[in-house]
Amino acid sequence: DRPYTDKEIDLISRVITHEAGNQSLEGKIAVGDVILHRVESKGLGFADTVSGVLYQKNQFTGATNCTPNAQSIIAAKLAADGAEVVPGAYWFNGVNGHVFSFAKRLYVIGDHAFYGRK
């Protein structure tokens, strides 16, 4: 429900490009959703700002250093406007990646699995 600044949208779109640049629009929105879910979460240990979430230790290291593509910018704007494709997801990784023991797999979109609280 909070408005996001142009700078925040830019940062989100850079991470989307880095993490899901080759995925569908739905997969890109899902990555944006995870970022915004973290910002809005309470009690999970995430920062409460976009930059805080993105620069949190061991999270999206280097992911803001790329140039966002057009579809990632659209996905970031849609996520910020409330598009919700992975409700309750706070983490993601590759479908064949490590399964988080502390989380429950909720969705698979393209090459990514999305996880929520157990």
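Helix H2 is mostly covered, with 13 of its 16 residues buried (under 20% relative accessible area, where exposed is over 50% and partly exposed lies in between, for a 1.4 Å probe and protein chains only). The model is predicted: local features need pLDDT of at least 70, side-chain atom pairs count only at pLDDT 80 or more, and totals for chains, interfaces and linings use all residues. Residues are numbered from 1 along each chain as its sequence is written, and side-chain values use heavy atoms, without hydrogens and water. H2 covers residues 25–40 and reaches 22 Å from its first C-alpha to its last, close to the 22 Å expected at 1.5 Å a residue (1.5 Å times one less than the number of residues). Helices (H or I, at least four residues) and strands (E, at least two) are DSSP runs, numbered from the N terminus.

Thr64 sits in the loop between helix H3 (50–54) and H4. Thr64 is buried, at 10% relative accessible area. In sequence, Thr64 and Val15 are 49 residues apart; in space, their C-alpha atoms are 5.4 Å apart.

The whole structure holds eight aromatic pairs (ring centres of Phe, Tyr and Trp, the last by its six-membered ring, within 6.5 Å; planes under 30 degrees apart are stacked, over 60 edge-to-face, the rest tilted). Phe46 and Trp91 form a tilted pair, 6.0 Å centre to centre with 55 degrees between the planes. Phe46 lies in the loop between H2 and H3 and Trp91 in strand E1 (residues 89–94), so this pair ties together parts 45 residues apart in sequence. Trp91 is buried, at 12%. Trp91 and Phe102 have ring centres 5.1 Å apart and planes at 75 degrees, so their pair is edge-to-face. Phe102 is partly exposed, at 45%.
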